[in-house]
Structure formats: structure tokens, C-alpha cells
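These notes record what I looked up in the structure, entry by entry.

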Amino acid sequence: MMISHPSSPGYQASRWSIDSGVQLTGESKMADYEIRDVQASSHKNIIQVYWEDGHVSRFHSCWLRFNCRCQICKKITVGQHNIDKSDPNFSDQLTIENAEFTKSDVKLTIVRDVIKDHVTYFDANWLREYCYCDQCLRKIITDRQMKFADPRKIPKVDCNELKSDEGTFRMIQKVFDVGFVILTGVSQKEGSVVEIGERLAPIVDQTYGKLFNVIDDPKASKENVASSTIGLPFHTDQCHYERGPGIQMLHAIQFDECVEGGESQLVDMFRVMEIFRKESPADFRVLTRVPIFFSTIDFKRKSPAYIKIRKPVIQLDYDDEVVAFNWNPGTENVVQVHEDDVEPFYRAYRKLSQILVRPELMFQYRLREGDMLFFNNRRMVHARAAYKSNGGTRRLQGTYIDIEELKSKYVVLGHKLGHNVIPPKIGNGCSI
Ligand SMILES: [Fe+2]
């Protein structure tokens, strides 16, 4: 096979022969992506693959060798480690010696490979799937980007939908699309929230136990202001952990008509951060760097606890995407940062706080008895309007479930039901 492309300077045309004693996988007989040409760089450390659809990929020799898909090298079982990348016999600068291609595969040999007569092999579809050009990397991110819903529309799902796989799939899809749903028609039986939660993903039992009650209780309010009638500012629950619980569920067991106020409020913090980044880029950067302390420390209460952490408000990833945030004015500690950061921190914090309370960003809903608020605690900050009991009761029961397991359930269900599912970005510190 001739590997040449005379019109591209910098790429050396050459004829390489292949001598393979290695059995190849031959995964793809009929490639969906077809290779039109392959060229090697003049230093023979990169190959450039020209695809029939016009796309061009570049692969480095080290990447090719360490991801080889031949039967000796490819991973078949989780945990396998077939290529020892630390092997000192591999050169730091691997050079491609020979290469061949057909429209559906590429075979190449590396100078002084650690396996005698080894042929590095790739099926065209696999190679294209893992192309790491800027365009392909960007597509992975954009396909998963969050879309922001209209706060005037409250997403509701009848809890009977959860009786079928299709209904469950659609409900989870809505949670990941919008950030929350109101499940309606939930039985007012004590503990229903845990029962429903357990069916979807494992319960996350951190500071407040498996099931907690949110009710006006003067004694309990000394430990947590949620157990009062006071309004609560927007926050994420349990920021004092390395990562707070992913999904929060709040079930209205009792919410008497005479109670005035007490609406549930939500804001999509990823939308807030997008606005913040656009309007105040320098302040945005400050909050990606300067940390806040969060803690829950109490040795005297019923279940004593010492949980403390220091982390910035905004977390970015490798691609500079916002992938997580930490926001809870109620569990914030005293600011203790380098002197030069104090003023920039407060300025940035105040700007973000002011965006957060813009009325057009707020979802607001008064739960009715039998409603259950089901939301992504890593995406939506939540608040409660103050209320007056007027002799009535507002009692919610809550629990948390694992968001990564819920995402897994969603993708697995989608696969089972034959839906084309792109795993969503969920605010767990990752864009994919
Ligand atoms: Fe909360």
C-alpha cells in the first residue's frame, strides 16, 4: 500500500511494507467511516488520516502504540493491562516504521517495538470514534451541554409514570434536561420518598440520615434553620462534603391551605454562571480560584459531626467548562484567604449573588400535598420562601439519592428501550 500525498508538504511520501506475525482483530469488515489516505509526518511520529467524508485526523505514534487494538494489546475485560506503558524498552519518541491502510483499517509497525514482529492495528470506525482533533473534542462537549429551561414552566410528571421503564426513562430525562421535576400524585404514606428514591438509585445517607423531616420545630431549628418558618436563601445542600448529594427529593406530606408562603424556589446555577462569566469575566475567574470554607461542626447535637472543607465556588475542567459549583451561604465559614484576594473575592461573590436573585431566573412552586420535588442538587440551587403557619402545618419528608447511579440507570434504560441517548452533563465535576 502506498502511503503518499504529494500535495501536502511536510508529509513524506513513502512505501512501507508490513510483515505481520500478529493475528489482527479484523473487527470491521464494512466500515461506516472509510479511510481515503494515510500520510506520515516527516519525523514519522504522527500519521494523518484523510477520511472519505472530508474529515482529517492526526494520531501520534505513542498514542497509536499505547492504544493498539490488536488481539495481544486490546483490552477485552475490565481491569486488563495488556500494554505496559512504563516498559523502559519503549523509546520516549516512538517512530513509525511501516504503515498500511485499507478503507476500513490501518496497520503499522513501530521502530524497536517491545513485542517482536508486532503490528499495531486499528479498525477505521474505532479510530474515528476516538479522533482527538479539536473539532471532535469540541463535539463531545457541545453534545452534552446543558440547555436552560423557561422558569415560567414547571415540569411535572405523574408518579404513576414510574411504573414503566419508558415512564421512568422520560422522568429522569426531564430531570437532566431541566434540572428538576415535580412528581405528582405520590402517596402520602410516611417514607414514600425513600421508597421511590430506592427504586431509582442508592440512597445517600450523609449528615441528615436516610429520611429527614422539614417542619417548623423550635427545638430542631436550633440545629438547623430549615426547621423553622424563616425563608432560606438559595443554596446547595451539604456543600461541606467533598461532593454533596446529587439528587434531592422533598415530599409534601402535609401542607395545609391556611399556611401562607413556604413556596419552593429553584434557580439553575449553571445558567447563572454562564451569565456571570459573560458579564464579569474577571470576577468569574476570582471565584474559580479563591476558596470558601464550608463546615458542619457540632459535638453536642444528637448525631455529632465534624465535616469541614475548603474549595472554590466554581470548578472548571480541562476544557475550561464549568463542571461544578459550591454555594451555601448557610454553611459558609469565615473567609480566610490571602490578603490580596479578600477584596476581589467579596466583589465577585456579591456580583454572583446579585445575578442569582434576578426574578426572571427563578422557578417558583407551592408544593401541594402528594407532590414531590425531585431535583439535581449539583445544578439547581434551592430556596424556601418564609411562611406563616396560621395554625396549619407544612411538613416535607426528604432524602437524597446518588446522581451518577441515576445517570447510569437513565443510559442503561435508554439502551434497553432502543433510544439514542447521549449521556448528559450533570454537574458532577465532569463535562462528559
Ligand atoms: Fe436545602
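Predicted model: local features only at pLDDT ≥ 70, side-chain atom pairs only at ≥ 80, totals over all residues.

Entry 1. The buried positions I noted are I403, L406, K407, Y410, L413 and G414. They share one side of α9 because they cover an arc of only 130° around the axis.

Entry 2. I then looked up what lies over the buried residues of α9. The cover includes the helices α4 (165-178) and α5 (192-200), together with the strands β14 (247-255), β22 (372-376) and β25 (394-401).

Entry 3. I checked the length and the ends of α9. The helix runs over residues 403-417, 15 residues in number, and its first and last C-alpha atoms are 21 Å apart, close to the 21 Å expected. After α9 comes G418, with a positive phi near 80°.

Entry 4. I turned to the nonpolar cores. The largest comprises 31 residues, and M269, L287 and W327 have the most contacts inside it. Among the elements giving it two or more residues are α6 (269-279), α7 (281-289) and α8 (339-356). Beyond its neighbours within four places in sequence, M269 contacts F325, W327, L352, L356, R379 and V381. A second, separate core has 29 residues, including I47, I83, A99 and F101.

Entry 5. Lastly, I noted the domains. Domain 1 spans 2-132 and domain 2 spans 144-417; their centres, taken over C-alpha atoms, are 47 Å apart.

Notes
Residues numbered from 1 in each chain as written. Heavy atoms only, no water. Domains from an automatic or database assignment. Core = buried A, V, L, I, M, F, W, Y, C linked by side-chain atoms within 4.5 Å. Buried < 20%, exposed > 50% of the residue type's maximum accessible area, 1.4 Å probe, protein only. Helix = DSSP H or I, 4+ residues; strand = E, 2+ residues; numbered from the N terminus. Contact = heavy atoms within 4.5 Å. Expected span 1.5 Å × (residues − 1). Arc of directions from axis to C-beta.
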